[in-house]
Amino acid sequence: MKLIPAPRPRTPATPSAATLTVDDLSVHYGGVRAVSSIGFSVEPGASVGIIGANGAGKTSTLKAVMGLVPRGGGRIMLGDLDLTRVRARDMVRHGIGYVPEGRHVFPGLTVEKNLLLGAYARAWDDDTRSTLAEVHELFPVLGEMSQRLAGALSGGQQQMLAIGRALMAQPRILLLDEPSMGLSPKLVGDILRVLTRLREDGLSMLLVEQNAKLTFGATSHCLVMENGAVAMTGTSEELSEDPRVRQIYLGL
């Protein structure tokens, strides 16, 4: 198992923060093995990226952590909590925030109601209202369009909404699956600025992406997956300078 140390965050991690540990994780689809006995950790305040080509096993890894696909073996811990025993629908209550590939906002509901659904496991109190204000400060457009139907938003605005919805649960760790998919370079830059700020604020993150530049900019450490296995690990800065990574993933 690869243990990835956390950088020192600019602000302290939340008191409930805990290390996410993935040990010997495998994922099978029928007779096909999508993920082969991988291991890594995300310490409190750390931001870890997973890059790789289509079919490398990135999304399967993230979904296995969330309990959305059957696991073929291994163990997933968040601090002392064994997530392999937690149902997918209960993950949010245990502090796992999830931004799915393709955003999956509720198009027939307003922006405000989409955000409030993200806080379904919390009481509607001053603390939750404060979180909503923080999301509006992070994404001003969501406050400006609070009564607009989510289905009427652009792809970039929907991605902001999906991230904001996950943040409403006050997660201990945020899992993001391909947040740059289908976005223009400008919007990718906007998402990078948001993820960088969350990282600087000490929120633990696990980011799955094909966009290596975004991943290296938003994370402190990174894993490169190939054919369901971890092929390389290191700091994001080290991997961004590695000749193999520069040729295969950065096109340099």
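Student: Which residue stands opposite Leu81 in S5?
Tutor: Leu78 does. Keep in mind that this is a predicted model.

Student: How many bridges join S4 to S5, and do they run parallel or antiparallel?
Tutor: Two bridges, and the strands run antiparallel. S4 covers residues 71-78.

Student: What's the strand order in that sheet?
Tutor: S2-S1-S4-S5. The sheet is open, its four strands pairing in the antiparallel sense.

Student: Which strands are at the edges?
Tutor: S2, residues 32-42, and S5, residues 81-82. Each of these pairs on one side only.

Student: Switching to S6. Which strand does S6 pair with over four bridges?
Tutor: S7, residues 173-177. That pairing is parallel.

Student: What stands opposite Val99 there?
Tutor: Leu176 in S7.

Student: And which residues of S6 sit on each side?
Tutor: S6 is residues 96-99. Ile96 and Tyr98 are on one side, Gly97 and Val99 on the other.

Student: Why would neighbours in a strand end up on opposite sides?
Tutor: Because side chains in a regular strand alternate between the two faces of the sheet.

Student: Now Thr59. Where does Thr59 lie?
Tutor: In helix H1, which spans residues 58-66.

Student: Is Thr59 buried or exposed?
Tutor: Buried. Its relative accessible area is 18%, and the cut-off for buried is under 20%, so Thr59 qualifies.

Student: What is Thr59 in contact with, leaving aside neighbours within four places in sequence?
Tutor: Glu101, Asp177 and Val208. Asp177 belongs to S7, whose residues are 173-177.

Student: Let's zoom out. How many helices and strands does the chain have?
Tutor: Nine helices and ten strands.

Student: Why does the radius of gyration agree with a compact globule?
Tutor: Because a compact globule of 252 residues would come out near 18 Å, and the chain has 17 Å. The C-alpha atoms fill a box of roughly 45 × 40 × 40 Å along the principal axes.

Student: What share of the residues count as buried?
Tutor: 51% of the 252.

Student: And what share of the contacts comes from residues 24 or more positions apart?
Tutor: 67%, among contacts with a separation of 6 or more.

Student: Last one, charges. How many positive and negative side chains are there?
Tutor: 26 positive and 25 negative. The centres of the two sets lie 4 Å apart.

Notes. Residues are numbered from 1 along each chain as its sequence is written. This is a predicted model: local features need pLDDT of at least 70, side-chain atom pairs count only at pLDDT 80 or more; totals for chains, interfaces and linings use all residues. Side-chain values use heavy atoms; hydrogens and water are left out. The radius of gyration is taken over C-alpha atoms; the globule rule is 2.2 Å times the number of residues to the power 0.38. Buried means under 20% relative accessible area, exposed over 50%, partly exposed in between (1.4 Å probe, protein chains only). Contact means heavy atoms within 4.5 Å. Lys and Arg count as positive and Asp and Glu as negative; His and the chain ends are not counted. The place of a charge is taken as NZ of Lys, CZ of Arg, CG of Asp or CD of Glu. Two strands pair if DSSP finds at least two bridges between them.
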